[in-house]
Amino acid sequence: MLFLKCPLQYTDHFKPKRSCGPDDIPLIVLKDSLQVMAYYIKKLFNKLALGDKIPSTWKYAKIKPIFKKGDPKLVENYRPISNLNSISKLFERCVLNRLPSDAKTDGVNQHGFKTGHSTVTAGLDIQSHLAIMSDRGEKSIIYSVDLSAAFDVIRPAMFYKKMVNKMDIPTLNCLNDFLTNRKAQVEVDGHSSVFFSFKAGCPQGSTLGPKIFNMYCSDLSSALKHGYVVSYADDTYVIVSDKDEKNLLKKANSTIKDHVGWLKKNGMICNIAKTEAMYIGEKTDCDIKLDVDGVTIVPSDTMKVLGIQFDNKLSWEHQVVSCTKKCLKLLHGLKHLRKFLNLKQMKQVTTSFLLSVLMYGSEIWYHRHLSFHLKQRIRSAHYRALRMIYGKNLGRHYSRKSLS
């Protein structure tokens, strides 16, 4: 693995942050001086790549707890933010751009951390599969298992074993060394703890972390015989379908059992009690429920998938009602801002805070089969947003008919 290109091209991905890692060098300093240092950094990176080793000082992280909400005296109410060495982040970006991106390494239906993929493409994949099964006359159960600290439980030895036949050994050795012998310290109000070691997990805030997680979970689909898997990062949704309801329940229970077994085998922590499920199809007298590890899961009529409200008839009524209600609440706040902002600023604020909520995932749920009254509800909310921007001059730009 050789880095033949100059690392200058990768600095565009970095924000000019002034926060420091253990090396006390802010990213903005590295970014500003890289024009001069590029040749030497390239030479260093090539040697590191050929040697399959990363400097031990690059494996250190400085953790700063950021308060979220609740009682400030409770540790669980803080979010740990890791600051890594600046030069190591650039090295990670170089490695990331040399890693393969295909189904063999990332998983068949993984939509997270991939170019051209997003929560929308993941939602479209789920919606399309459910619609196809429904057209075939099959009933479906979709479920999602709740994971805790997914990135923090990756086992380096298991990762190496999974990837040994999927990539070249020098690259794999480099990634394996990146994961092992990592250390961190906590800094609060200028006081630092001693360094402590991590036996597992990707460093938070690293560039390679998401890619390594995708690789680690790439064999999940092959472990489930009946389920159709769609993932976005650590959010995984499994769809099981069959024409016969009893066979469907048998398949679903077998699949979720295999899924939980795979998670435990790979050292991941799941909260089965928080598992969500939804049944799609006409119900009979059969008792529809999933049983795993002594926990009974009863599928509901609706389910939130990546921020979009799916329902068992794919009518999207719950999604439309939910997003339009949120927009009405936002309108009250925007009315007060209109007094202080000009037209351009009002466009930016309304688009960012209101229209983004209204039209989020619209590629999935807004289509020609959406009922007339739901379309009217969307148009009404959209028109109110435009009226908020243009006020009395709205007629010069838009009309209700133009939004139809």
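Leaving aside neighbours within four places in sequence, F159 is in contact with L172, L175, L179, I212, M215 and Y216, where contact means heavy atoms within 4.5 Å. The model is a predicted one, in which local features need pLDDT of at least 70 and side-chain atom pairs count only at pLDDT 80 or more, whereas totals for chains, interfaces and linings use all residues. Residues are numbered from 1 along each chain as its sequence is written, and side-chain values use heavy atoms, with hydrogens and water left out.

F159 also belongs to the largest nonpolar core, which has 57 residues. A nonpolar core is a set of buried Ala, Val, Leu, Ile, Met, Phe, Trp, Tyr and Cys residues joined through side-chain atoms within 4.5 Å. Buried means under 20% relative accessible area, exposed means over 50%, and partly exposed lies in between (1.4 Å probe, protein chains only). The members that touch the most other members are F45, F159, L175, I212 and M268. Helix α9 (residues 245-265) gives the largest share of this core, 7 residues. Helices (H or I, at least four residues) and strands (E, at least two) are DSSP runs, numbered from the N terminus. Another core, of 35 residues, lies apart from the largest one and includes V230, V305, V349 and I378. In soluble globular proteins, nonpolar side chains tend to be buried together.

F45 is also one of the buried residues of helix α1, among them L27, I28, L30 and L34. These buried residues pack against α2 (86-96). Helix α1 (residues 27-51) has 25 residues, and a straight helix of that number would span 36 Å at 1.5 Å a residue; the expected span is 1.5 Å times one less than the number of residues. Between its end C-alpha atoms, however, α1 spans only 26 Å. A bend of about 80° is found at Q35, the bend being the angle between axes fitted to the seven residues ending there and the seven starting there. D52 follows α1 and has a positive phi, near 60°.

An open sheet is formed by 4 strands in the order β7-β8-β3-β9, with antiparallel pairing. Two strands pair if DSSP finds at least two bridges between them. β7 (228-232) and β9 (269-280) stand at the edges with a single partner strand each, so one side of each has no neighbour in the sheet. On average, neighbouring strands are turned by 20° against each other, direction ignored.

Within the sheet, β3 (residues 139-148) pairs with β9 over 8 bridges and with β8 over 6 bridges. I141 has Y279 as its bridge partner in β9 and stands opposite V240 in β8. β7 and β8 pair over 5 bridges, and S231 stands opposite T236 in β8. These two strands form a hairpin with 2 residues between them, and A233 in the turn has a positive phi of about 60°. Of the 8 residues of β8, 7 are buried. Helix α4 (residues 119-135) lies across β3, β7, β8 (235-242) and β9, and runs at about 160° to β7. Axes are lines fitted to C-alpha atoms, for helices over the stretch in contact, and angles run from 0 to 180 degrees between N-to-C directions.

L341 lies in the loop between α10 (317-337) and α11 (343-358). L341 counts as partly exposed because its relative accessibility is 26%. Leaving aside neighbours within four places in sequence, L341 is in contact with M346 and V349.
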